[in-house]
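Here is a short tour for a reader new to this structure. Keep the sequence and the 3D view at hand.

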Amino acid sequence: MNKDNRLQHIVNPPIAEKQPQVLELHGDRRIDDYFWLRESDNKKAIAYLEAENAYTESMMQHTEALQTKLYNEMLARIQETDLSVPFRKDDYYYYSRTEEGKAYPIHCRKKGSLDATEQVLLDQNELAQGHEFFSLGVFQISPNHQILAYSTDTSGSEQYTLFFLDLNTFELYSETIPETYFSFTWGNDNQTVFYTKINTANRPYQLFRHTLQTPTTEDVLIYHEPDDTYNLDLGKTRSEAYILMILHSSITTEIHYLDANNPTGDFQIIHPRTTGMEYDVEHHSDYFYIVTNDEATNFKLVKTPVATPNKENWQTVIPHREDVMLSGVSLFTNHLVIYERKAGLQTARVQNLSTGKESNITFPEPTYTFYEGNNPEFNTNILRFNYTSLITPLSVFDYDMETDKRELKKETEVLGGYDKSHYKSEWLMATAKDGTQIPISIVYKQGTNKDGKNPLFLTGYGSYGYSYPVMFSSTRLTLLDRGMVYAIAHIRGGEEMGRKWYEDGKFLQKKNTFTDFIACAEYLIAEKWTQSDRLVISGGSAGGLLMGAVINMRPDLFKVVVADVPFVDVVTTILDTSLPLSAMEWEEWGNPNDKVYYDYMKSYSPYDNVEAKDYPDILITAGLNDSRVKYWEPAKWTAKLRELKTDNNILLLKTNMSAGHGGASGRYESLKELAFDYAFILDRLGLGDIEG
């Protein structure tokens, strides 16, 4: 039987076997019929995932031509052979480029001038050969530009192996270091490096020092973080004077510093951890500059002598303000760049450290995102930043901090004749049930009528203080050009409107996140942007939790749901500290060992609240090697939904059997996954035959 005939016979969804598992705490009994799916070495568990994949493929078989069309359409807008804007560090210009037909970037540099001969440092396409998944982690050049440290992950599990490449001979050093994380720093001697190792729960918890060309068995353990709620990261000040060891939980920070010229010395503490107090550190001459929420909900800036950085010597530079959140600062020889967020929008100002003169960096669009670009040089007057909006492709600017002039270095090219004047973006406000105004960023094609008939794609996140970025996407044009409106709900739990916005969407106020999203959907319907049978919602990870919660609360409000790697089994997962991130989650959601938090979390946990009722059309995705949201959460959720839902709508589970949290690697495979999602959406809306 050929594949097509085989798939045509898969008309009934797989039914997961029920093996009741009693989970009891605080006198409460939960029966989890699908707990067994977490047994990844159980052939039945893998067989169930494969059966769901086969069913998904069968149910989507009629969209294969549409998927191909969407893929080709999106690919045709991408400049496949392209070049990043080079950035300068000392006498070198570094950049990456892509080539048509190749899935991954090629990293290069030129010495002395952009007219010099190109030197290819690392071709990710070569490293990815023979692997279904490939991810580059660390990519750091030694201070003398002679050695490249890089790390790779070929499973999606976010466990990286570290390598060292001699950039004169292009031979690898003999040592490799497995089970490392993203963090890495060079000492200024070009021979000493610092890296972090992860434990069985994928938590970076140990800091090691390694000397090149010595056995890794001789590496020195500098620090071990025993607290499961803390991660261990590394940084280096732009001045290159200090290496930073950053210990942080969700709400608390502790930073140690080391003279980078004395890498075998001892780390010194800046301020010991104090529960609820966060801080970031930058360096300038004899001072550390510290952004902190110490007695400052929206953060403030202080400075303190490097010689005596303890809190008693902190001097306020920018005081706390109720209406402005200090997002961070950046220091250069003569300038202080101040990043802030006011009324939901990002702002920046530049202060001359000698004269005190300030200038503002402003933007004309109603909703946008900008962030600092590659600025490795300390002694420069040029600030590079990136800007984008829902209608402006990613743009790289060089801003002269002395003259206030900005130069557009590159706007990402969109092939096919993209004209931003054909689209419009707006910043709207919905009213939550408690009266709070919730921002919505929205984009649509010019000429769209507010007649209630438009298909609308609504997304959001609302966790961990993450402000949902308002960014351009050439692939999104595939939806906009078919008449779809696209909207982002900036719900509480993020940090768009300041730190309190985050605090009002966590712990025992977490349900604000969900009701805010529902309020945004209701507002868009009331304002005739769309109607419920044309409304698509999508979210990933904690945004997948959002999807699960809102369809339990208001399944009637939505037509189509796409939940990517959704975190849906909240109580069970956060109780299990053997899983990655679980203990850390206590400072975001609460500790369910406390009955108050247990009861509250159980009341919204998507998996625990699936009921016998009608649900929308749903596409759920998972990654078998996902270390953040284990595959069994979406799998269990699918099984329970399939058991209890009373409708005839489509429910699909698509598990990538060779990837992790981020889905497929490589731009072409990622694009195919997106084409699949879009095909599902358009098909369920009855728009699969509409030409773009």
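Helix H3 (residues 64-75) packs against helix H13 (residues 667-684) at an angle of about 125°, and their axes lie 8 Å apart. That angle makes H3 oblique to H13. The crossing of H3 and H13 is right-handed. The model is a predicted one.

Which residues meet where H3 and H13 pack? From H3 come Leu66, Gln67, Leu70, Tyr71, Met74 and Leu75. From H13 come Tyr668, Leu671, Lys672, Leu674, Ala675, Phe676, Tyr678, Ala679 and Leu682.

Start with strand E5, which covers residues 92-98. Six of its seven residues are buried, so E5 is largely enclosed by the rest of the structure. Buried here means under 20% relative accessible area.

E5 pairs with strand E3 (residues 82-83) in the antiparallel sense, over two bridges. In that pairing, Asp82 has Thr98 in E5 as its bridge partner. Strand E4 (residues 87-89) also pairs with E5 in the antiparallel sense, here over three bridges. Arg88 has Tyr93 in E5 as its bridge partner. The hairpin of E4 and E5 has two residues between the strands. In this hairpin, Asp90 takes a positive phi near 60°. Strand E6 (residues 106-111) pairs with E5 as well, antiparallel, over six bridges. There Tyr93 stands opposite Lys110 in E6.

In a regular strand, side chains alternate between the two faces of the sheet.

E19 and strand E20 (residues 287-292) pair in the antiparallel sense over six bridges. Val281 has Ile290 in E20 as its bridge partner.

## Loop residues with positive phi

Most residues other than glycine have a negative phi.

Asn202 is not a glycine, yet its phi is positive, about 65°. Asn202 lies in the loop between strand E12 (192-198) and strand E13 (204-211). Is Asn202 buried or exposed? Its relative accessibility is 8%, so Asn202 counts as buried. Glu240 is not a glycine either, and has a positive phi of about 65°. Glu240 sits in the loop between strand E15 (231-236) and strand E16 (242-248). At 28% relative accessibility, Glu240 counts as partly exposed.

## Thr200, in the loop between E12 and E13

Thr200 also has its place in the loop between E12 and E13. Its relative accessibility is 81%, so Thr200 counts as exposed. The cut-off for exposed is over 50%. Thr200 and Ser330 are 130 residues apart in sequence. From C-alpha to C-alpha, Thr200 and Ser330 are 35 Å apart in space.

## Arg482, a buried arginine

Arg482 is found in the loop between helix H5 (477-480) and strand E34 (485-489). At 7% relative accessibility, Arg482 counts as buried.

What does the side chain of Arg482 join? A polar contact of 2.8 Å links it to the side chain of Glu73. A polar atom of the Arg482 side chain also lies 3.0 Å from the backbone oxygen of Thr478.

Ile440 lies in strand E32 (residues 437-445). Its relative accessibility is 0%, so Ile440 counts as buried.

Ile440 and Leu428 are 12 residues apart in sequence, and 4.9 Å apart in space from C-alpha to C-alpha. Which residues does Ile440 contact, leaving aside its neighbours within four places in sequence? The list is Glu426, Trp427, Leu428, Ala430, Ala487, Ile488, His490, Cys520, Tyr523 and Leu524.

Terms used: Residues numbered from 1 in each chain as written. Predicted model: local features only at pLDDT ≥ 70, side-chain atom pairs only at ≥ 80, totals over all residues. Heavy atoms only, no water. Buried < 20%, exposed > 50% of the residue type's maximum accessible area, 1.4 Å probe, protein only. Helix = DSSP H or I, 4+ residues; strand = E, 2+ residues; numbered from the N terminus. Pairing = 2+ DSSP bridges. Polar contact = N/O pair within 3.5 Å; in protein donor to acceptor, adjacent residues only side chain to side chain. Axes fitted to C-alpha atoms, helices over the stretch in contact; angles between N-to-C directions. Parallel < 35°, antiparallel > 145°, perpendicular 65-115°, else oblique. Left-handed = near helix turned anticlockwise from the far one by under 90°. Contact = heavy atoms within 4.5 Å.
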